[in-house]
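The structure is shown first.

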Amino acid sequence: MAYFKRTRFSGIAPGVAPRLLAEQFGQEAENLDFESGEFAPIPIEGSTAHVLSNSQRRSIYYYDNSTSPMWVEWDEDGIKAVEGPIPGDADDRLYWTGENYPRMGTYTGLSNWSNRADYRLGIPAPQAAPTITITGTLDTTVTAEETAWVYTFVSEFGEEGPPSAASLIYEFTPTTDGGTTGQTATINIPSYNVSGDFAFGSPARKRIYRANVGSNATEFQLVHDVAYTETQKDDSKQATELAEVLPSTTWIGPPDDDTTNYPDGPLQGLTPVANGIFAGFTGKRLCLSEAYLPHAWPVDYRITLENDIVAIGTTANGIVALTDGKPYFVTGVDPSAMSAVQINLEQGCVNPRSVVDLGDVVLYAGPDGLCAISGTEGRVITRGLISPTQWNDDFYPEQIRAFEHEGTYVAFYTDTFTNTHAGWVYDPRAEEAALSTITTSAERRGGYKNPKTGELFLIIGTAVQPYRGSTTTNRLGRWKSKKYVTPAPVSMGWVSLKAELYPSTGTKNRVLVWADGTLIADYFITFDSNTNTYTQEVNTPSGISDTTLYEPIMRLPAVVGSEWEVEIRGSERIHKICLAQSMNEIRQPRLLKTEAAIRDRRSRLKS
């Protein structure tokens, strides 16, 4: 006898014919979590965590300084914000890309967002060399050395920039302490204000360096650290009195809005990497910062790839650079010695907002499906579940905004032709990868994953709400089985549904059954704890009255068919759904199967 039971539920595989689906897969799976293997509807969004300044905001960041956290918000799409890499930073610095040039700010400066104080990331090189005035006479008792001077700018946060051009070279013998011979050099620093939003407030400094040819190698060493407003300083120090070697020779700022030097535009995709390094990109160039110095982006730390970079992500041991051609894996400990390996996957990234880091793997939307990069290996992980045509027609790879939530890939999109909003989830945690859809009533314009709590927050209208944050209300879940094909036409007489709860108000559990493509039954089932009875409420077929039941087993109309499908809907967890020819098959399926096996064996023995 025909008997179909489902106790394990998985997602959809639209690329497979409904009759060829594996038992656990569905033709439709909506608003469900498959981690447990049961029919488990996901919660709706939680209460509003923050109200945005306007309905145009598309990027957010939760700026948590432990004492008074706040939400930071932008109108621009795709802002990438990263907290400073130095533990215990008293300034609580925040760095971001996605506006007209890379920026940084402090908690104090950003606390009044409508009147925020932020700064251009990077410290500029001085525009002119210092001029030198030498007084005194050469000390003939020592060998005169040829030397020169440079100076640097230091921001109010202690960030030092690259040096100026060197002064003219002079023969110089500094005055010996207490001596009457020797020279004093007066370093004249050009007096001008650097244009641009740099952090050159009152604590900012200038540092003067001198070429110390008396050391083992000719290097510029610190002579004076002076106020930013200082324009003149004397130098009569001996070579042995000079301090640290100039560290910032190559510390230029990241690519910015200087279109002459950076025709591909400013740095994008700011991402933290291991060992205090930041990464970003512009055009074909992957850019890396000095370790623990996000303002310094040496040219020698830039790697040029064959194709334009669309987005970057990180794994535990490297950077994944996603281009409009093949992806790359970039690895190394020191930013000066990173190497790039091209991954043999002909899948360019079609949407930078689709990129999600899932620990050791980076997922992104390619032209043929959802792609995964782990180390130097890459593959289309939805191959076999979704055809390339279905992927592009039904899953909106170029429009999605994707996020990570508890190990799942969550994507939302807006169909611009119909102005409808929806989403889908790819869950790699299940025994077999599960794919399901999400219903939404409004656009999810952006979001933020809090790494400390694991919460995903979404922008909905002017509200920031936690995804699946409700503790009281679930979405309406829906799951439709594969097409069960019988060897010969049969009449399935009964359907049962075992659930955790059977609500009598609000969203009720619902069962729908099809035979050969025709809907033959559409029932609600509820439970009354006072009478300890169930009620079968009938939508289809018409003419059948509602019925009181003592167990959740419902009679189906007398219809014969060869292809059977069953769908369940509800907002509570459902453990099992059964479709059978007789009630006893549902009540005692194992016993009946055993009896059937015995009868079959007896028949074979007789023959």
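A residue is called buried under 20% relative accessible area, exposed over 50%, and partly exposed in between, using a 1.4 Å probe and protein chains only. At 1% relative accessibility, Cys-578 is buried. The model is predicted, so local features need pLDDT of at least 70 and side-chain atom pairs count only at pLDDT 80 or more, while totals for chains, interfaces and linings use all residues. Residues are numbered from 1 along each chain as its sequence is written, and side-chain values use heavy atoms, with hydrogens and water left out.

With a disulfide taken as a pair of cysteine sulfur atoms within 2.5 Å, the count is zero. Cys-371 is in no disulfide, and its nearest cysteine sulfur, that of Cys-349, is 8.7 Å away. Cys-371 is buried, at 0% relative accessible area.

A salt bridge is a side-chain nitrogen of Lys or Arg within 4 Å of a carboxyl oxygen of Asp or Glu. The whole structure holds 36 salt bridges, including those tabulated here.

| Pair | N to O distance |
|---|---|
| Arg-468 and Asp-33 | 2.7 Å |
| Asp-235 and Arg-210 | 2.8 Å |
| Lys-508 and Glu-537 | 3.1 Å |

Strands are DSSP runs (E, at least two residues), numbered from the N terminus. Asp-235 lies in strand β17 (residues 232–235) and Arg-210 in strand β15 (residues 205–212), so their pairing ties together parts 25 residues apart in sequence. Asp-235 is buried at 0% relative accessible area, and Arg-210 is buried at 4%. Lys-508 is partly exposed at 22%, whereas Glu-537 is buried at 19%. Glu-28, Glu-30, Arg-478, Glu-567 and Arg-569 are linked in a salt-bridge network.

Conventions: Helix = DSSP H or I, 4+ residues; strand = E, 2+ residues; numbered from the N terminus.
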